[in-house]
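This report describes selected local features of a predicted protein model. The sequence and structure are shown first.

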Amino acid sequence: NESGFSGLPGGGRIHSNAVFLGFGEYGYWWSSSEYFPASTDAWARSLLFNFSYVNKNPNGKNNGFSVRCIRD
């Protein structure tokens, strides 16, 4: 892969119903950027299994998504 990041499809936890969805199909990762104007939201990136594009969408911070730690 060109980015050097191999995101595994770990799914995510949706706060509204406390259900884990998408394991093995897609993955969500938090961005460090807050979404304005809603301070309760932040940007998240999503990858769908077997597709090469990345989506960027605002999501409620109370959802459970993966994080990627990057060392300087």
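Glu 34 is partly exposed, at a relative accessible area of 30%; the term covers values between buried (under 20%) and exposed (over 50%), computed with a 1.4 Å probe on protein chains only. Its partner is Lys 61: the two side chains form a salt bridge, with 2.4 Å from N to O. Because Glu 34 belongs to strand E3 (residues 26-34) and Lys 61 to the segment after strand E5 (54-60), the pair ties together parts that are 27 residues apart in sequence. A salt bridge here is a side-chain nitrogen of Lys or Arg within 4 Å of a carboxyl oxygen of Asp or Glu, and the structure holds one. Side chains of opposite charge can pair when their charged atoms come close. Strands (E, at least two residues) and helices (H or I, at least four) are DSSP runs, numbered from the N terminus.

The relative accessible areas of the residues discussed in this report include the following.

| Residue | Relative accessible area | Class |
|---|---|---|
| Glu 34 | 30% | partly exposed |
| Lys 61 | 43% | partly exposed |
| Ala 18 | 44% | partly exposed |
| Asn 59 | 18% | buried |
| Phe 65 | 11% | buried |

Asn 59 is found in strand E5, while Phe 65 lies in the segment after E5. Leaving aside residues up to four places away in sequence, Asn 59 touches Trp 30, Thr 40, Asp 41, Ala 42, Ala 44 and Phe 65; contact means heavy atoms within 4.5 Å. With that same exclusion, the contacts of Phe 65 include Gly 12, Arg 13, Ile 14, Tyr 28 and Trp 29. Phe 65 is also 58 residues from Gly 7 in sequence, and their C-alpha atoms are 12 Å apart in space.

Two backbone features complete the description. The peptide bond from Phe 36 to Pro 37 is cis, with omega near 15°, and Pro 37 is placed in the loop between E3 and E4. Ala 18, in the loop between strand E1 (12-14) and E2, has a positive phi near 55° although it is not glycine. Most residues other than glycine have a negative phi, and most peptide bonds are trans.

The predictor's confidence in each residue, pLDDT, runs from 0 to 100. Its mean for the protein is 83, and 93% of the residues reach 70 or more.

Residues are numbered from 1 along each chain as its sequence is written, and side-chain values use heavy atoms, with hydrogens and water left out.

Methods: This is a predicted model: local features need pLDDT of at least 70, side-chain atom pairs count only at pLDDT 80 or more; totals for chains, interfaces and linings use all residues.
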